[in-house]
Amino acid sequence: MAKSKVLIVGGTGYLGRRIVKASLAHGHQTYVLHRPEIGVDVEKLQMLLSFKEQGAHLVEGSFNDHQSLVDAVKLVDVVICTISGVHFRSHNILLQLKLVNAIKQAGNIKRFLPSEFGTDPAMMADALEPGRVTFEEKMVVRKAIEDARIPFTYVSANCFAGYFVGGLCQMGRITPSRESVVLLGDGNQKAIYVDEDDIATYTIKTIDDIRTLNKTLYLRPHENILSQREVVELWEKLIGKVLKKSTISGEEFLASMKGQDYAEQVGVTHFYHFFYEGCLANFEIGEEGKEASELYPEVNYTPVKEYLKRFL
């Protein structure tokens with residue numbers, strides 16, 4: 001079977017650049033959408049040129065130019081969108097409605113993977129303000145995709161290791177202390193951590209897989225379903241030292257939002273759902289979903305224990 005041609009929207013971003021790399025590594029003809037006006041963003045330009053050197057095709061297109069999106073989409077079989085959905089970067093989830101319109105008009109796309117890659121928004125109907133906006137907007141995009149009868153796969157990648165593992169699941173930290181750690185509640189709620197390169201690999205593995213058509217692909221690598229306490233213990237074993245521990249209750253944690261800016265408040269509520277409520281791992285995957293490490297056992301994912309060794 002011929003491998004699908006892939007268009008990546010947001011290919012120079014944090015996750016997008018990894019998906020470009022994985023797509024090329026798995027032998028897909030890979031197209032990267034980029035805006036015509038790049039200004040003097042020399043790092044972005046150099047990244048695009050390095051993609052080209054590795055065999056990717058660069059395609060000009062803009063969310064402000066509908067026809068350019070239609071033309072880009074017509075070049076490929078699969079569209080993957082990785083534009084940012086986190087507020088401390090840039091939050092553009094609803095821009096994807098323009099992409100949905102272009103895909104609908106082009107009429108040739110075998111599968112669309114919108115920018116999901118986090119918590120399954122379908123499970124977050126009771127999420128707290130202001131963080132619930134992330135999930136609500138993703139559900140708006142899903143509805144548009146499904147109403148347009150566009151074939152899809154939604155990738156629920158849970159916690160990016162880069163943001164959660166290094167900081168031992170503490171907000172605002174991305175490197176581990178050798179002295180102390182603040183436990184969120186009792187520290188025993190399970191969360192799920194996935195290395196960003198592994199997220200990209202699983203994503204590319206799934207685009208031509210009939211088993212995930214019109215389903216949610218959950219990334220739950222078995223060794224990486226861990227509580228904060230278990231992540232801390234793995235680090236303690238590596239450094240041969242027990243960290244000094246304090247705890248913060250759920251009420252105190254939510255109260256810490258006061259006086260913070262909007263992006264930080266969104267982050268606080270997300271952390272609360274992950275680490276006080278255990279929203280990532282507290283449900284069984286139903287008929288509408290598949291689990292990535294079961295479908296693709298050949299992927300050698302990075303266990304949390306290995307991930308932490310880079311900080312030694």
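Twelve aromatic pairs occur in this structure, a pair being two rings of Phe, Tyr or Trp (its six-membered ring) with centres within 6.5 Å. The structure is a predicted model, in which local features need pLDDT of at least 70 and side-chain atom pairs count only at pLDDT 80 or more, while totals for chains, interfaces and linings use all residues. Residues are numbered from 1 along each chain as its sequence is written, and side-chain values use heavy atoms, with hydrogens and water left out.

**Aromatic contacts**

- Tyr307 and Phe311 form a tilted pair, 6.4 Å centre to centre with 55° between the planes; planes under 30 degrees apart count as stacked, over 60 as edge-to-face and the rest as tilted.
- Tyr307 is buried at 8% relative accessibility, whereas Phe311 is partly exposed at 24% (buried is under 20% relative accessible area, exposed over 50%, partly exposed in between, with a 1.4 Å probe and protein chains only).
- One aromatic cluster consists of Phe164, Phe271, Phe274 and Phe275.

**Charges over rings**

- The charged end of Arg18 sits over the ring of Tyr14, 4.7 Å from the ring centre; the criterion is NZ of Lys or CZ of Arg within 6 Å of the ring centre and within 35 degrees of the ring normal.
- Arg220 lies over the face of Tyr218, 5.8 Å from the ring centre.

**Salt bridges**

- The whole structure contains 13 salt bridges, each defined by a side-chain nitrogen of Lys or Arg within 4 Å of a carboxyl oxygen of Asp or Glu.
- Arg142 and Glu116 are joined by a salt bridge of 2.8 Å, N to O.
- Arg142 lies in helix α5 and Glu116 in the loop between β5 (111-113) and α5, so this pair ties together parts 26 residues apart in sequence; helices (H or I, at least four residues) and strands (E, at least two) are DSSP runs numbered from the N terminus.
- Arg142 is buried, with a relative accessible area of 6%, and Glu116 is buried, also with 6%.
- A network of salt bridges links Glu116, Asp120 and Arg142.
- Arg132 and Glu136 form a salt bridge with the closest N and O atoms 2.5 Å apart; the two residues are four apart in helix α5, and therefore separated by about one helical turn.
- Glu298 and Lys205 meet in a salt bridge of 2.9 Å, N to O.
- Glu298 lies in the loop between α11 (292-295) and α12 (304-308) and Lys205 in helix α7 (residues 196-206), so this pair ties together parts 93 residues apart in sequence.
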